[in-house]
Amino acid sequence: MCWTPTSSSLFAAAADSFLIGHARAGGHSVVTHEVPGRKRTRIKIPNAAAAAGV
């Protein structure tokens with residue numbers, strides 16, 4: 001999924017990006033109650049985790 005530049009910037013500035021990066025670097029899984037989103041204006045953790053392969 002392609003996100004807007006604004007949503008990418010907001011995600012990179014949030015703790016969510018650290019969580020995804022830490023999980024990927026350590027070979028961990030990410031567990032959340034959040035459901036994947038379909039909007040391109042906000043990146044949700046399940047979408048980012050799937051894109052990063054965690």
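## Overall dimensions

Of the 54 residues of the chain, 22% count as buried, a term that denotes under 20% relative accessible area, with exposed meaning over 50% and partly exposed in between (1.4 Å probe, protein chains only). The model is a predicted one, in which local features need pLDDT of at least 70 and side-chain atom pairs count only at pLDDT 80 or more, while totals for chains, interfaces and linings use all residues. Residues are numbered from 1 along each chain as its sequence is written, and side-chain values use heavy atoms, with hydrogens and water left out.

The C-alpha trace spans about 30 × 20 × 15 Å along its principal axes.

## Secondary structure and contacts

The chain holds three helices and zero strands, in the order α-α-α along the sequence. Helices (H or I, at least four residues) and strands (E, at least two) are DSSP runs, numbered from the N terminus.

Among contacts between residues at least 6 apart in sequence, 61% join residues at least 24 apart; contact means heavy atoms within 4.5 Å.

## Packing of helices 1 and 2

Helix 1 (residues 5–13) and helix 2 (residues 15–26) pack at an angle of about 75°, and their axes are 4 Å apart. Helix 1 is therefore roughly perpendicular to helix 2, the class assigned to angles of 65 to 115 degrees; angles under 35 count as roughly parallel, over 145 as roughly antiparallel and the rest as oblique. Axes are lines fitted to C-alpha atoms, for helices over the stretch in contact, and angles run from 0 to 180 degrees between N-to-C directions.

Elsewhere in helix 1 lies Ser 7, which counts as buried because its relative accessibility is 3%. Beyond its neighbours within four places in sequence, Ser 7 contacts Arg 40, Thr 41, Arg 42 and Ile 43. In helix 2, by contrast, is Ala 25, which counts as exposed at 71% relative accessibility. Ala 25 and Arg 38 are 13 residues apart in sequence, and their C-alpha atoms are 26 Å apart.

The largest nonpolar core has seven residues: Phe 11, Ile 20, Ile 43, Ile 45, Ala 48, Ala 49 and Ala 52. Such a core is a set of buried Ala, Val, Leu, Ile, Met, Phe, Trp, Tyr and Cys residues joined through side-chain atoms within 4.5 Å. Helix 3 (residues 45–52) gives the most to this core, with four residues. Not counting residues up to four places away in sequence, Phe 11 touches Asp 16, Ser 17, Ile 20, Ile 43 and Ala 48.

Six of the eight residues of helix 3 are buried, so this helix is largely enclosed by the rest of the structure. The cover over its buried residues includes helix 1 and helix 2. One of the residues in helix 3 is Asn 47, which counts as buried at 16% relative accessibility. Asn 47 touches Trp 3, Pro 36 and Gly 37, again leaving out residues up to four places away in sequence. After helix 3 comes Gly 53, with a positive phi near 80°.
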